[in-house]
Amino acid sequence: MKPNDFVTVKGRLKRINDVLTLEYDSRIENAPSKKISEICNLFDIDPNYEPVSLAGRVITIRDQGKAVFAHIKDAESKIQIYVKIDVVGEERFSFFKDFVDVGDILGVKGKLFRTKTGELTVEVERFEILAKCLHELPEKWHGVKDPEVRYRQRYLDLIANPDVAKIFIDRTRIIQKIRDYFNSMGFIEVETPILHQIASGASAKPFITYHNALDEQLYLRIAPELFLKKLVVGGFNRVYEIGKNFRNEGIDIHHNPEFTMMEFYVAYWDYNDLMKFSEELFSYLAKEIRGSYKVKFGDYEIDFTPPFRKVRYFDYLREKTGKGKEFFLDERKAREFARELGINEERLTHPKVIDKIFDHVSEGDFINPTFVIDFPKILSPLAKTHREDSDLVERFELFIAGFEVSNAYTELNDPEEQNKRFDEQLKERKMGDEEAQMKDDDFITALEYGLPPTAGQGIGIDRLVMILTNSHSIREVILFPTLGSKK
RNA sequence: GGGCCGUUAGCUCAGUUUGGUAGAGCAGCUGACUCUUAAUCAGCGGGCCGCAGGUUCGAGUCCUGCACGGCCCA
């Protein structure tokens, strides 16, 4: 708290201590039973609706002398209140003028009416200060814009910027609809460990932590994948999890160190089934949340009308570079080509070089939902070999608005081959790739018991919410994004 | 990791080019006003100019470093 804040705080506190003690401790006698938006709707149905009790934060006060107008708000809506001296009485009226500040949580009881300009208003009969605001609120017209304040004190952002509150309400709606969708299809929602002995299931650097009683180093999970596939082995043929993953990497508009991932697995499906399913799911969500298959995102209009565009990984590279699969699978040629593109490939492994080249040439493409399919096997240690080409796997990534939103494949369920793929990852690791996957023998054992043919998919929930709420940074859809500590 | 930009009143921002007493609007405080709604009118207060050094008679302004944040690149 800065010195000047303290003057305000002290001033308001003193007044409370001198006069307001009882009021501050009191409970509202008629607790608000409805949200402000619900009360507005009630009046439309029945203009003679009986006296209402409601509560909210005071955001404006317009003093008229012997009457005061104010607005109070909750997360979604606001309503005007009208406090008149000849309704509440002289004593309470002067109490209101003396002690109710912008920012306070106020409980009111009264009748609904419309002003001459038609605004729905509560004519206040009784009011109580339910909580005191000791600070001045951000400015009513511009709100709070400083991104640091908005993220560190998100409550101020939510109070001052209604559009922001809307994004987070939409986020909840999106996740709710996803759950409903999967539950109605017979999926089981599960929770698997976040503390992992082995960080696997994705190519990423883990956070390391320590368990004292076990005397053992643990990792925060980078993906729930291996645990979920163990559950399919156990007979949970349709299973999903929504939860946080943690990756010890940089922060930018598409990355937060902790982020929300959904993963789901379906026995007896392959990646073609997942593509069809994804088209249905994503177009459904666009329609439910934005009311149309066509969704505005910045300058783009993203068209979710199925079917989505499909591009094969190496076909796309050939189209963009004139070079084919054999060229890129030749490490020396791939590296040389990467250098020509200005990519610093020295510290990258061969698979990463190919990946970088793909990112480089696809920059700005894939605005409408696009499946990039049939990835190189060396980039995909957990995916099943492609049925027509042993250099590839049956995998797709779904790009929307130019960035990856989802990743999926037909699962590798051959324990022997999985074991080999892990060994190849270990080699990459030894060559300095900290993101190469760790070998998980328990997972191999699970595969030895028999994983049915299965397809699995991950959806980056934060990124999906970005697109469906027209938000252009992941921090705009995470309530408290990761920030450095304020010294 | 690299480059660029930002950090001034509770909030939103001027002021930095060209060094010379710190500015506005909103918010706050005092007063007036019984249909206002960015209410209006009259008056008043409010600043470690991100932090630490340096140059200078003198630094919000110029230089160096650091912190936090934003954008772009890797």
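**Exercise 1. State where His386 lies, decide whether His386 is buried or exposed, and list what His386 touches.**

Step 1: His386 is found in the loop that runs between β15 (370–373) and β16 (395–400), where strands are DSSP runs of E with at least two residues and helices are runs of H or I with at least four, numbered from the N terminus. The model is predicted, so local features need pLDDT of at least 70 and side-chain atom pairs pLDDT 80 or more, whereas totals for chains, interfaces and linings use all residues. Residues are numbered from 1 along each chain as its sequence is written, and side-chain values use heavy atoms, with hydrogens and water left out.

Step 2: Because its relative accessibility is 8%, His386 counts as buried (buried is under 20% relative accessible area, exposed over 50%, partly exposed in between, with a 1.4 Å probe and protein chains only).

Step 3: Leaving aside residues up to four places away in sequence, His386 touches Tyr271, Asp374, Leu392, Val393 and Glu394, contact meaning heavy atoms within 4.5 Å.

**Exercise 2. Describe how helix α9 and helix α16 pack, and which residues make the contact.**

Step 1: Helix α9 (residues 271–290) and helix α16 (residues 461–468) pack at an angle of about 50 degrees, and their axes are 10 Å apart. Axes are lines fitted to C-alpha atoms, for helices over the stretch in contact, and angles run from 0 to 180 degrees between N-to-C directions.

Step 2: α9 and α16 are therefore oblique to each other, since angles under 35 degrees count as roughly parallel, over 145 as roughly antiparallel, 65 to 115 as roughly perpendicular and the rest as oblique.

Step 3: Phe282, Leu285, Ala286, Ile289 and Arg290 of α9 form the contact with Leu464, Ile467 and Leu468 of α16.

Step 4: By class, the residues of this contact are seven nonpolar, no polar and one charged (Ala, Val, Leu, Ile, Met, Phe, Trp, Tyr, Cys and Pro are nonpolar, Asp, Glu, Lys and Arg charged, and the others, Gly among them, polar).

**Exercise 3. Work out which residues of helix α15 are buried, and which exposed residues the face turned away carries.**

Step 1: In helix α15 (residues 441–448), the buried residues are Phe443, Ile444, Ala446 and Leu447.

Step 2: These residues lie on the same side of α15, because they cover an arc of only 155 degrees around the axis, taken from the directions from the helix axis to the C-beta atoms.

Step 3: On the face turned away from the buried side, α15 carries the exposed residues Asp442 and Glu448.

Step 4: The buried residues of α15 pack against α8 (225–233) and α14 (415–430).

Terms used:
Chains are lettered from A and ligands numbered from 1 in the order in which they are written.
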